[in-house]
Amino acid sequence: MNQKSASLSKGTITGNRYTFAPRMAKTPKSFIREILKVTERPEIISFAGGLPSPALIDVDGIRRAADTVLEQDGRCALQYSTTEGYLPLRQFIADRYKKRLGLTISPEEILITNGSQQCLDLIGKILIGTGDHVAIERPGYLGAIQAFSQYEPEFHPVPLMEDGPDIVSLNLTCRTHPVRLFYGVPNSQNPSGITYSEKRRKDVADVMKEHGVLFVEDDAYGELNFSGKSLPSMQTFLPGQTIITGSFSKILAPGMRMGWVVAPREIMEQLVVAKQAADLHSNYLSQRIAYEYLLQNDIDGHIRKIRAAYEHQRDVMLRIIKEEFPETVTSTHPRGGMFIWMTLPDGCSSMDVFEQALKENVAVLPGMPFYVDGGGSDTMRLNFSNSTDENIITGMGRLARVIRRMSSS
Ligand SMILES: Cc1ncc(COP(=O)(O)O)c(C=O)c1O
């Protein structure tokens, strides 16, 4: 039977020769990846991506750790290993939760994943069936929208206010739909840079408790809070009903693809089965090198360096926004992370700004893909972690001129 005569169901996409599963029609293409292709030209100053600063990847330290692992235990480090992940690394993560957030988590509640992005796929796989109700921040992390879309949920966007999700909207959503989970990024969210206040965390937890909804706390940026003072994890207010995802991407190196998920044991059992089916286990050599690196180096000192550098880069970007952008532009003031979120003057489209700015060799990321229900056409995300001061000053200066020109025409 040729591919085209295979049964077609609603939402199926067909190419010239092949027929794909309906879930592929429901999964947005990563707009970011598409845009990054355009912005790869060396003359472009890009605020569109989301990369950590390459200057803050400790290549020498990682090389030393890799040498130690390969010299001392190479044959084992290059073997197959367990699905759950390297126990000493999981113990290290558990100890760090205790020290940083006062959380008591056992290594059995931690699964090492291929970046924290894989956690989102596994969570979707074990918890979301077609048509299930999933609440997500508005704007929401595009990688989560993509990962969950594969399981064909009905999304319910909950507006993100200055200090966290709109509680009235969250409550209404949970009251009117059997919501399976609420996915959020309480610390320095991607894309908005917003951090939930402590009070808002408690309020969200109360809504979750009242309606029996799981909270998926994506904590990719938890370590990058510039003050160094962590706010409590949602797990503090919602034990047994929170899944936490974490990542070494922003503090070690994203190319190592090291992340983890913390979940109650019953959920963990399912996650482990799903992970086994997906890839048997995460890259064991990477796990061993990451652990050795953490033993050999002062990770707290390294994180302090990253925080100081990003805080400075944020300040440079905010200064230019204040001094050179029209007053009708508003932006967030992130306490950490890698992004500022900008809302343009009335009638100004971020897609038009994207096109005009590109002519001046500056790339920004229009906000629409972060909205599961459309909207956001006057918003955009600006990354400050991956630019030098000089590039921020030059690039933001050009962007200011573009926006001034467009808002006065
Ligand atoms: C909020 C959020 N979650 C998860 C990820 C995935 O990161 P990784 O898979 O590198 O851990 C990212 C990456 O930028 C992110 O911004």
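This is a predicted model: local features need pLDDT of at least 70, side-chain atom pairs count only at pLDDT 80 or more; totals for chains, interfaces and linings use all residues.
Mentor: A polar contact is a pair of N or O atoms within 3.5 Å.

Trainee: How far is the polar side-chain atom of S247 from an oxygen atom of the ligand?

Mentor: The distance is 2.6 Å.

Trainee: How much of the ligand does the protein bury?

Mentor: Compare the ligand alone with the ligand in place. Alone, the ligand exposes 390 Å². The protein buries 91% of that area.

Trainee: Now charge. How should I read a salt bridge?

Mentor: Side chains of opposite charge can pair when their charged atoms come close. The cut-off is 4 Å, from a side-chain nitrogen of Lys or Arg to a carboxyl oxygen of Asp or Glu. The structure holds 19 salt bridges.

Trainee: How far apart are the closest N and O atoms of R100 and E223?

Mentor: They are 3.5 Å apart, and the pair forms a salt bridge. R100 sits in helix α4 (residues 87-101), while E223 is in the loop between β7 and α9, so the bridge ties together parts 123 residues apart in sequence.

Trainee: Is E223 buried or exposed?

Mentor: Buried means under 20% relative accessible area. E223 has 12%, so E223 is buried. R100 has 23%, so R100 is partly exposed.

Trainee: What other partner does the E223 side chain have?

Mentor: The E223 side chain makes a polar contact of 2.6 Å with the side chain of R96. Now widen the view. R96, K99, R100, D219, E223, D300 and R307 are linked in a network of salt bridges.

Trainee: Which salt bridges lie within one helix?

Mentor: Take two cases. D203 and K199 meet in a salt bridge, 2.7 Å from N to O. Both lie in helix α8 (residues 198-211), four residues apart, about one turn of the helix. K199 is exposed, with a relative accessible area of 55%.

Trainee: And the second case?

Mentor: R319 forms a salt bridge with E323, with the closest N and O atoms 3.6 Å apart. These two are four residues apart in helix α12 (residues 299-324), so about one helical turn separates them. R319 is partly exposed at 38% relative accessibility. E323 is exposed at 52%.

Trainee: Which residues make the nonpolar surface patch?

Mentor: For a patch, look for residues with over 30% relative accessible area and no salt bridge. Y18, F20 and M24 make a nonpolar patch of about 280 Å². Y18 is in the segment before α1 (22-26). Its relative accessible area is 39%, so Y18 is partly exposed.

Methods:
Residues are numbered from 1 along each chain as its sequence is written. Side-chain values use heavy atoms; hydrogens and water are left out. A polar contact is a pair of N or O atoms within 3.5 Å; within protein, one must be able to donate a hydrogen and the other to accept it, and residues adjacent in sequence count only if both atoms are side-chain atoms. Accessible areas come from the Shrake-Rupley method with a 1.4 Å probe; for residues, only the protein chains shown count as cover. Patches are made of residues with over 30% relative accessible area and no salt bridge: like charges are joined within 9 Å, nonpolar side chains (Val, Leu, Ile, Met, Phe, Trp, Tyr) within 5 Å. Buried means under 20% relative accessible area, exposed over 50%, partly exposed in between (1.4 Å probe, protein chains only).
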